[in-house]
Amino acid sequence: MKPLRNSHLFFATLAGLCLLGSSLAVADAPLEGTKPAQWRVLWTDDPATTATVSWSTAARGENHTVRYRKRNSDEQNSIQLADSGRYTGGEFELYYHHARLSELEPSTAYEVQMVSDSEQSPVFYFVTAPATTRPFSILHGGDSRSDQDARRRVNTMIAEMVASSYDNDDEADDILALAHGGDYIVSGTKMDLWSMWLSDHELTTGPDGRLLPLIPARGNHDKGKPFNEVFGFPEDDLNYYSISIGPDVRFVTLNSETSTAGDQAQWLAEELSQSRKSHCWLLTQYHRPVYPAVKEPGAGLKSWVPLFEKFNVDLVCEADGHNIKRTVPIRNGKHDETGVVYIGEGGMGVPQRTPKPERWFLQEPGMADQGHHIFVLTFQDATLTGKCVLEGGKVRDEFSRTARAQPLTQ
Ligand SMILES: [Fe+2]
């Protein structure tokens with residue numbers, strides 16, 4: 001047995017020394033002991049300089065760290081300790097680990113490896129957001145809660161879309177991140193369901209080990225403590241926050257599942273007032289639609305829409321309805337070319353509902369349909385182009401918005 005142990009030791013040491021080695025893009029990693037699994041990168045703070053690298057283990061373990069360094073460099077690894085704990089979720093035992101990386105360089109690929117006691121993940125990488133103007137794309141989708149097969153197919157499609165976006169010289173199609181508008185699972189207090197979602201999320205990892213940063217929003221099915229534990233928020237966080245993706249795009253995530261008025265509306269007013277002055281593009285995402293294609297409007301219609309219109313938000317990304325929709329531009333409750341466009345409403349793994357296309361805000365040039373889908377939002381110069389891509393790759397809807405303000409550095 002001794003030679004075998006030695007050879008294990010040799011390879012473990014080699015792996016530790018050679019973080020750079022070829023990575024294995026593994027999906028559905030088993031939850032065994034302290035083997036890192038359910039890997040993900042979260043963007044909830046400045047994504048040019050920070051990111052949270054997160055994973056799960058079946059056993060509590062003792063030491064949880066991320067090794068990281070610039071990709072393809074011979075720099076020495078930096079080590080970041082993780083914040084760890086047990087996910088709240090009844091008898092289902094699973095542990096979270098969040099390594100919060102900071103002081104990163106913009107537009108830079110970092111390779112990362114999660115280490116829990118003597119176990120280590122494959123080597124992955126992610127790329128920080130730019131700090132200077134460049135064209136790029138992000139994905140938006142929502143509602144992945146009740147059709148696991150579809151969820152897995154959509155996640156696989158996302159990984160393929162991301163990989164092919166880097167397969168050419170066109171910078172504009174490069175997908176930097178995925179914004180998820182909520183309703184990840186059916187019952188937000190059930191950690192066994194979260195665990196399935198987290199393992200399925202591994203499928204968004206590229207074949208070369210690229211982790212797609214996630215910008216999460218809370219849905220009505222995501223009630224309970226696990227949401228903050230899964231996405232690395234502080235325990236009592238209310239999940240509204242904004243990030244800049246490059247100097248031109250301000251992406252504001254709201255929480256339709258707590259009071260939309262009061263503190264949140266006040267925060268939103270201040271946020272939009274400031275960011276309208278400094279950013280070319282203002283986008284918001286949240287779960288419950290205010291101009292829904294199926295259901296009744298959420299409370300944001302009163303609390304937020306006047307602010308969207310006052311500060312000329314460029315695009316609003318909604319979820320929850322389980323359909324495809326794009327509204328006409330809306331101001332003061334009417335079609336108005338100077339108004340705000342709303343897209344949605346979730347198709348990352350839920351049976352689709354039949355929309356009500358007779359609603360005034362879905363008339364041409366708006367639209368409504370159904371089908372599993374993801375939106376690709378591309379920012380290039382003074383144009384935002386949106387595409388609704390169906391499972392299988394067909395583009396169901398395409399639209400564009402012209403910037404109301406100029407990009408900062410063009
Ligand atoms: Fe919902």
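1. In this predicted model, the buried residues of helix α5 are Gln264, Ala265, Leu268, Glu271, Leu272, Ser275 and Arg276. An α-helix has 3.6 residues a turn, so residues three or four places apart point the same way.

2. That buried set packs against several neighbouring elements, namely the strands β12 (241-245), β13 (249-253) and β14 (281-285), together with the helices α6 (300-303) and α7 (305-310). On the other side of α5, Asp263, Gln266 and Lys277 are exposed.

3. The length of α5 can be checked against expectation: its 17 residues should span 24 Å at 1.5 Å a residue, and the end C-alpha atoms are 25 Å apart, which agrees.

4. Asp263 belongs to α5, which runs over residues 262-278, and it has a relative accessible area of 60%, so it counts as exposed because the cut-off for that class is over 50%. Between the C-alpha atoms of Asp263 and Gly349, which are 86 residues apart along the chain, the separation is 33 Å.

5. Turning to the metal site, the iron ion is coordinated at 1.9 to 2.1 Å by Asp183 (OD), Asn220 (OD1), His287 (NE2) and Asp320 (OD). Along the chain these donors follow the spacing D-x36-N-x66-H-x32-D. Asp183 comes from the loop between β10 (175-180) and α3 (191-201), while Asn220 comes from the loop between β11 (214-216) and α4 (226-231), so this pair ties together parts that are 37 residues apart in sequence. Both Asp183 and Asn220 are buried.

6. The geometry at the iron ion deserves a careful reading, since the four donor atoms subtend angles of 86 to 155°, and the arrangement is therefore irregular. A tetrahedral assignment would require all angles to lie between 85 and 135 degrees. For comparison, the ideal angle for four tetrahedral donors is 109.5 degrees.

How values were computed:
Residues numbered from 1 in each chain as written. Predicted model: local features only at pLDDT ≥ 70, side-chain atom pairs only at ≥ 80, totals over all residues. Heavy atoms only, no water. Helix = DSSP H or I, 4+ residues; strand = E, 2+ residues; numbered from the N terminus. Buried < 20%, exposed > 50% of the residue type's maximum accessible area, 1.4 Å probe, protein only. Donors = N, O, S within 2.8 Å, 3.2 Å for Na, K, Ca; no water. Tetrahedral: all angles 85-135°; square planar, octahedral: opposite > 155°, others 65-115°. Expected span 1.5 Å × (residues − 1). Contact = heavy atoms within 4.5 Å.
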